[in-house]
Each structure stands twice: as structure tokens, then as C-alpha cells.
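Reader: Please show me the sequence and the model. I will then ask about side-chain packing and strand pairing.

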Amino acid sequence: MSGKQIKRVSLGVAVLTGTLALTAVVPAQAATARCGTEDLAVALGQPKQLEEATGQYDVPLTFKNISSRACGLHGVPGVDLLGPDDPNGPVYHLPRVDNGVRVNEVPPGSTATATVTVLSRTEGSVGSGGSTSWTPSKLVTIPPGQRQALSVDWPSDLPVLRQDAATRPGSWVNGILADPLTS
């Protein structure tokens, strides 16, 4: 074999070895199938005012695995707030902030939570399109990797300042984090 042929064979073996190594790693990460919408129930926790931001609240959006198997729940869920008509319309689509973890395995009966951060109306505040006072009635969420939605009632005492046109709005949804297992 010439030197050129040996290099090609070595490169081919290296590529093949790398491919086999990737093949061996991918199934290990994907061993737990993603949670489907039908595997989950959703609930909202109590809003908590943030100390460092006047009028801003964190609302826990908790997904419970109601299936009989462990499933993976990671990424950022889609979140829309639905409410009365507003200069911006009846739906407020919240931007996503991917700050969760890459893998969450959620055993049956366990939960994982994404925090919804919202900016509430404060004295003199005006949102996009002149919106001043808007209280959603429902939160509709699509779990990561799914197409079907789940919904839950929004706290009736928590208005949201609509900032649909803002480049850095005060409302968004964070990535999912696994909740501590309870014994």
C-alpha cells in the first residue's frame, strides 16, 4: 500500500470508529422517551412577587407525569395567555428562555416545573398598543416536542402588562427543571 492509501484507510477507520461511538452514545441519552401530552397533567402554583423587580411575578407551571412509566421532559414549553379582547388581541404569546436542563427524567407521579415570569400592571404603566389592564383567564401550554395543548385557569387576581411589541418584554417562560423527588 502506498502512503496515500494508508492515510485513506486510517481516515476511513477513524470516521467509522467515530460513527460507532456516536451510535453507542445516542441511544443512552434517548433511553427515556419524551413525555407526551397524554402523559401529563398541568397546574399553576401561587404567584410570587420578585424582590428585585417591582410588579414582576414568578408563577410555577408544573407538569405531573400521570403515566405508568418514566418519561423525559426537557426544553421550554410553549405558553399562551388567553383573556379578554385587548388592543393586542385576546392571546399573549410569551417568549421562551431556554435556561432549563438538557435531560429530565420524570418518574410516574413526579413533577417538573417551568417558571412563567410575568410583569403585572403598575401605576402609570402602559403596554403595547396602549394596553393598560388585562387579566388572562387561561394559560395554554404545549409541552416541549409535542403538538397538543394543555390548559389551566390563570389566577384571577394577577393582571399582566401586555408587551407584545417589546424587544425585551417583562414576561416570558423559562425552561423546565425537574422537581425534587419526594419520599
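Reader: Is tryptophan 134 buried or exposed?
Author: This is a predicted model, in which local features need pLDDT of at least 70, side-chain atom pairs count only at pLDDT 80 or more, and totals for chains, interfaces and linings use all residues. Residues are numbered from 1 along each chain as its sequence is written, and side-chain values use heavy atoms, with hydrogens and water left out. Buried means under 20% relative accessible area, exposed over 50%, partly exposed in between (1.4 Å probe, protein chains only). Tryptophan 134 has 1% relative accessibility, so the residue counts as buried.

Reader: What is the geometry of the pair formed by the rings of tyrosine 92 and tryptophan 134?
Author: Rings of Phe, Tyr and Trp (its six-membered ring) pair if their centres lie within 6.5 Å; planes under 30 degrees apart count as stacked, over 60 as edge-to-face and the rest as tilted. The structure holds 1 aromatic pair. Its ring centres are 6.4 Å apart and its planes stand at 75 degrees, so the pair is edge-to-face.

Reader: Which residue lies over the face of tryptophan 134?
Author: A charge sits over a ring if NZ of Lys or CZ of Arg is within 6 Å of the ring centre and within 35 degrees of the ring normal. At 4.4 Å from the ring centre of tryptophan 134 lies arginine 162.

Reader: What is the bridge partner of leucine 139 in strand 11?
Author: Strands (E, at least two residues) are DSSP runs numbered from the N terminus, and two strands pair if DSSP finds at least two bridges between them. Strand 10 and strand 11 pair in the antiparallel sense over 4 bridges. In strand 11, leucine 139 has as its bridge partner valine 152.
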